[in-house]
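Morning, everyone. Let me take you through the aromatic contacts in this one. Have a look at the model first.

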Amino acid sequence: LTVYPAGQTRPTVSDLNFTKGQTIPNLVIASVGAGNKVTFYNAAGTVDVLADLAGYYASGTGAGYAALTPVRVMDTRTGLGVPKAKVGPGAQVTLTMSGLPAGTTAVALNVTATNATAASYLTVYPAGQTRPTVSNLNFTKGQTIANLVIAPVGAGNTVTFYNAAGTVDILADLAGYYTP
């Protein structure tokens with residue numbers, strides 16, 4: 001799939017690659033065309049496409065982004081940042097990220113699911129808030145897969161990771177943060 005501004009020439013690069021029968025997410029940041037519209041182009045076969053709006057950028061407004069050298073902040077296999085245990089079905093773990101500047105509004109995390117016992121999905125959201133009904137990372141049994149996630153933070157720079165089914169190990173690498 002390629003996502004690009006409506007009414008403009010399609011780029012020659014992809015935003016999401018997939019195989020037949022695969023359900024896979026990807027964070028895409030795309031410019032918008034006239035009327036705030038984007039076009040989704042599928043190169044081959046037929047596919048159902050779901051798109052969840054996670055936010056937007058507007059000139060002269062919003063938070064500034066500070067990129068970091070990625071650092072592992074969570075690993076359920078070793079107990080880094082959260083208890084050492086797979087996350088069970090319908091369960092969640094909350095990560096507190098220390099060292100972020102006061103006023104941090106969101107974080108960019110490379111989230112990895114591994115050692116899954118069933119097909120499932122992860123949702124990452126601000127701790128203490130209602131869990132959204134969308135996924136950030138979909139995976140199958142035994143698959144190791146990652147996706148970039150931009151998530152607002154809850155009080156004390158916390159985010160919650162929810163697993164829908166089976167058990168899974170979750171890793172998170174902090175790649176950057178947003179501040180006003």
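**Aromatic pairs and ring contacts**

Tyrosine 65 is partly exposed, at 41% relative accessible area. The cut-offs: buried is under 20%, exposed is over 50%, partly exposed is in between, with a 1.4 Å probe and protein chains only.

Some ground rules. This is a predicted model, where local features need pLDDT of at least 70, side-chain atom pairs count only at pLDDT 80 or more, and totals for chains, interfaces and linings use all residues. Residues are numbered from 1 along each chain as its sequence is written, and side-chain values use heavy atoms, leaving out hydrogens and water.

How many aromatic pairs does the structure hold? Two. Rings of Phe, Tyr and Trp (its six-membered ring) pair if their centres lie within 6.5 Å; planes under 30 degrees apart are stacked, over 60 edge-to-face, the rest tilted.

Tyrosine 65 pairs with tyrosine 178: centres 4.8 Å apart, planes at 50 degrees, so tilted. Tyrosine 65 is in strand β3 and tyrosine 178 in strand β10, so the pair ties together parts 113 residues apart in sequence. Strands here are DSSP runs of E, at least two residues, numbered from the N terminus. Tyrosine 178 is buried, at 8%.

Next, tyrosine 121 and tyrosine 162. Also tilted: 6.3 Å between centres, 55 degrees between planes. This pair joins strand β6 to strand β9, so it ties together parts 41 residues apart in sequence. Tyrosine 121 is partly exposed at 29%; tyrosine 162 is buried at 11%.

Tyrosine 162 has a charge over its face too: arginine 131, 3.7 Å from the ring centre. The criterion is NZ of Lys or CZ of Arg within 6 Å of the ring centre and within 35 degrees of the ring normal. Arginine 10 sits over tyrosine 41, its charged end 3.7 Å from the ring centre.

Terms used:
Helix = DSSP H or I, 4+ residues; strand = E, 2+ residues; numbered from the N terminus.
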